[in-house]
Amino acid sequence: MSAQALPEPSPLRLFFALWPDAGVRETLGRLVRPLRRTVKGRWVEPDKLHLTLAFLGAVPPERLPELTAMTEDLDLPPFELALDRLEYWQRNRVLCLGASATPPLLIELVGILNSKLGRAGFPVERRPFRPHLTLARKAEAAWSAMPLKTSVTWPVDRVTLVESRLSRAGPLYLVRAEKQWRAMPEMAAMK
């Protein structure tokens with residue numbers, strides 16, 4: 001009898017992201033509803049909205065524990081992110097929600113992630129981080145950026161490691177690890 005080789009496990013498509021809670025998701029839904037009537041495109045469903053921090057691409061499954069440990073090591077104080085402008089990226093035909101100002105703690109978080117990923121041998125994005133939440137792909141719009149009358153204030157208190165599984169119905173996102181930050185005692189006293 002000869003032994004048959006087992007097939008190699010399929011790589012996981014992984015990324016680190018900020019994942020909005022139910023309250024932020026509801027606010028985003030109210031903002032997007034009128035846009036869906038005026039801008040044609042392939043709209044991202046509300047339960048799939050997220051802000052990517054670092055895209056890893058295809059990762060061997062045996063590296064998942066290492067990435068989960070990286071998630072657990074991330075510890076920052078909570079901060080707020082104001083998404084206050086609509087942007088249309090004509091080259092990619094993407095409609096997204098962006099930020100006029102990037103919070104310093106968000107820049108620090110992305111820097112820490114990129115440093116950890118680089119030391120572990122993962123590819124790291126070299127372009128400056130530009131926070132955005134993709135609303136629609138293959139969008140048709142005649143403008144490049146537009147300020148919003150009201151911004152979406154996102155209280156950021158966690159980071160997630162997400163697996164993306166592609167299907168004909170679109171991507172399916174599975175949270176593989178999550179780290180929630182606790183408010184520092186002096187911050188809680190200030191509120």
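**View 1. Surroundings of Leu97 in the predicted model.** Once neighbours within four places in sequence are set aside, Leu97 is in contact with Leu28, Leu31, Leu83, Arg85, Leu86, Pro131, His132, Leu133, Leu135, Leu148 and Val152. The structure shown here, as in every view that follows, is a predicted model. Leu97 also belongs to the largest nonpolar core, where Leu97, together with Phe16, Leu53 and Leu67, touches the most other members.

**View 2. The nonpolar cores.** The largest nonpolar core holds 51 residues, and those touching the most other members are Phe16, Leu53, Leu67 and Leu97. Apart from this core lies another one, made up of five residues that include Phe15, Trp19, Val162 and Tyr173. In soluble globular proteins, nonpolar side chains tend to be buried together.

**View 3. The salt bridge between Lys116 and Asp73.** Over the whole structure, a search finds 11 salt bridges, and one of them joins the side chains of Lys116 and Asp73, with an N to O distance of 3.8 Å. Because Lys116 lies in helix α3 (residues 104-119) while Asp73 lies in helix α2 (residues 64-73), the pair ties together parts that are 43 residues apart in sequence. Lys116 has a relative accessibility of 18% and therefore counts as buried, whereas Asp73, at 52% relative accessibility, counts as exposed.

View 4. Arg130 and Glu87 form a salt bridge in which the closest N and O atoms are 3.0 Å apart. Arg130 is found in the loop between α3 and β6 (132-137) and Glu87 in strand β4 (residues 79-89), so this pair ties together parts of the chain that are 43 residues apart in sequence. With a relative accessible area of 47%, Arg130 is partly exposed, while Glu87, with a relative accessible area of 7%, is buried. The two residues are also linked with Arg85 in a network of salt bridges, and Arg85 is itself among the residues in contact with Leu97.

**View 5. The salt bridge between Arg158 and Glu178.** In this close-up, the side chains of Arg158 and Glu178 meet in a salt bridge, at 3.3 Å from N to O. The pair links distant parts of the chain, as Arg158 belongs to strand β8 (residues 158-165) and Glu178 to strand β9 (residues 172-180), and the two residues are 20 residues apart. Glu178 has a relative accessible area of 38% and is partly exposed.

Notes. Residues numbered from 1 in each chain as written. Predicted model: local features only at pLDDT ≥ 70, side-chain atom pairs only at ≥ 80, totals over all residues. Heavy atoms only, no water. Core = buried A, V, L, I, M, F, W, Y, C linked by side-chain atoms within 4.5 Å. Buried < 20%, exposed > 50% of the residue type's maximum accessible area, 1.4 Å probe, protein only. Contact = heavy atoms within 4.5 Å. Salt bridge = Lys/Arg side-chain N within 4 Å of Asp/Glu carboxyl O. Helix = DSSP H or I, 4+ residues; strand = E, 2+ residues; numbered from the N terminus.
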